[in-house]
Amino acid sequence: MARKFNFSAGPAMLPTSVIERAQAEMLDWNGSGMSVMEMSHRGKEYMSIAARAEADLRDVMAIPDNYKVLFLQGGASSQFAMIPMNLVGDKQSADYINTGMWSKKAISEAKRYITVNIAADTSDSGFTTVPSQDQLKLNPDAAYVHYTPNETIGGVEFDYIPDTGDVPLIADMSSTILSRPIDVSRFGMIYAGAQKNIGPAGLTIVIIREDLIGKASAGTPTMFDYATHAENESMYNTPATYSWYVAGLVFEWLKELGGLEGMAAINKRKAEKLYAAIDASDFYANPVAIHARSWMNVPFTLANPELDAAFLKGASERGLVTLKGHRSVGGMRASIYNAMPEEGVDLLVAWMQEFERNQG
Ligand SMILES: *Cc1c(COP(=O)(O)O)cnc(C)c1O
């Protein structure tokens, strides 16, 4: 069986060993005579799977005890509404940092519910950098500060965690969670859709400091209130049981790999190899400021866009797929999330060099 190296921005590759384990357990999980998909979410077996996944995630990310971990549905996009509904409390407004497409979506959704103050905006640069700490115009009376540590489309990643004083910092980590160690205690809340670095689509993880729960605005739907899910161990209604289970297998895989320190070392190496190949050539270019380059999503262009199709065709023949850039950016985008093997990056770099020699 030849598995492709899939550079998709999401849903993305999963570790082969995780899929094999899920396959081995598909018909009969642990002698239960059932697939995980068929289990009651309130049964003893499934409860043990869910608890183990949460414990492993807490372990891998070193999540402090005063944070709840919620396993929700609705994607990161539902969080764009849940955040203002739950966190504005008796304040009037929140600060948002705008660094690209996903920040913009979070901002436009928040504006339906609250006053949004733009604390920084890098659109002047074409969203190719991140603001520095001293460029942030933070309102000390804001309910929270929201930002996107990694902009999946632009390939722009913060190289620091903004200091927001006593104002809770909220991070959309959909495309960078678990890629390297982070200090969770610096955040009020972290959230991520699963389909990039966690597991199958359908699951959304929210890591939220307990004191921020229970202040939802009047009229917030029950399902959109963090308190509902926190009080019910994410089992108020049926959760995305199978995605939660596979996410648990991914957390075990991360632990075997040496946790997030081990993962970060691999990710750094992969990203450095790819950026080095781009920078060593006049044929390929990446527009992002060096300090803001993403470890996870690497957009790059060819000197002659008329060669894009030939580049993609040759890549595909070598098992390197889904490299076409986002329609708003053009060119190529290589998403090199945790599960992309280093071998995939090596093969991509080799193909880039071969293509340049033949065409450049
Ligand atoms: C993919 C992505 C989203 C959207 O996630 P859904 O789960 O599809 O709603 C939001 N933010 C970022 C940074 C993303 O990469």
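User: Which residue meets the side chain of K273 in a salt bridge?

Analyst: The model is predicted: local features need pLDDT of at least 70, side-chain atom pairs count only at pLDDT 80 or more, and totals for chains, interfaces and linings use all residues. Numbering runs from 1 along each chain as its sequence is written, and side-chain values use heavy atoms, leaving out hydrogens and water. A salt bridge is a side-chain nitrogen of Lys or Arg within 4 Å of a carboxyl oxygen of Asp or Glu. For K273 the N to O distance is 2.8 Å, and the partner is D346.

User: Is D346 buried, partly exposed or exposed?

Analyst: Buried means under 20% relative accessible area and exposed over 50%, with partly exposed in between (1.4 Å probe, protein chains only). Because its relative accessibility is 35%, D346 counts as partly exposed.

User: By how many residues are E54 and R58 separated in helix α2?

Analyst: E54 forms a salt bridge with R58, and their closest N and O atoms are 2.9 Å apart. Both belong to helix α2, and their spacing corresponds to about one helical turn because they are apart by 4 residues.

User: Which residue pairs with D141 in a salt bridge?

Analyst: D141 lies in the loop between β4 (115-121) and β5 (145-147), and its partner lies in the loop between α3 (75-87) and β3, 50 residues apart. The N to O distance is 3.1 Å, and the partner is K91.

User: How many salt bridges does the rule count?

Analyst: Beyond the pairs above, R21, E25, R52, D56, D59, E252 and K255 are linked in a network of salt bridges. Between domain 1 and domain 2, however, the count is 0. By this rule the count comes to 17 salt bridges.

User: What area is buried between domain 1 and domain 2?

Analyst: An automatic or database domain assignment sets the bounds, giving domain 1 (17-256) and domain 2 (259-359). Buried area is the accessible area (1.4 Å probe) that two parts lose on being put together, summed over both. Carbon and sulfur atoms give 58% of the area here, which is about 2,100 Å².

User: Which element gives the most residues to the side of domain 1 that touches domain 2?

Analyst: The elements that give two or more residues to this side are α2 (44-61), β7 (156-157) and α6 (241-256). With 3 residues, the element that gives the most is α6.

User: What is the relative accessible area of S93?

Analyst: S93 lies in strand β3 (residues 93-98). Leaving aside neighbours within four places in sequence, S93 is in contact (heavy atoms within 4.5 Å) with V88, T115, N139, A142 and A143. S93 is buried, because its relative accessible area is 10%.
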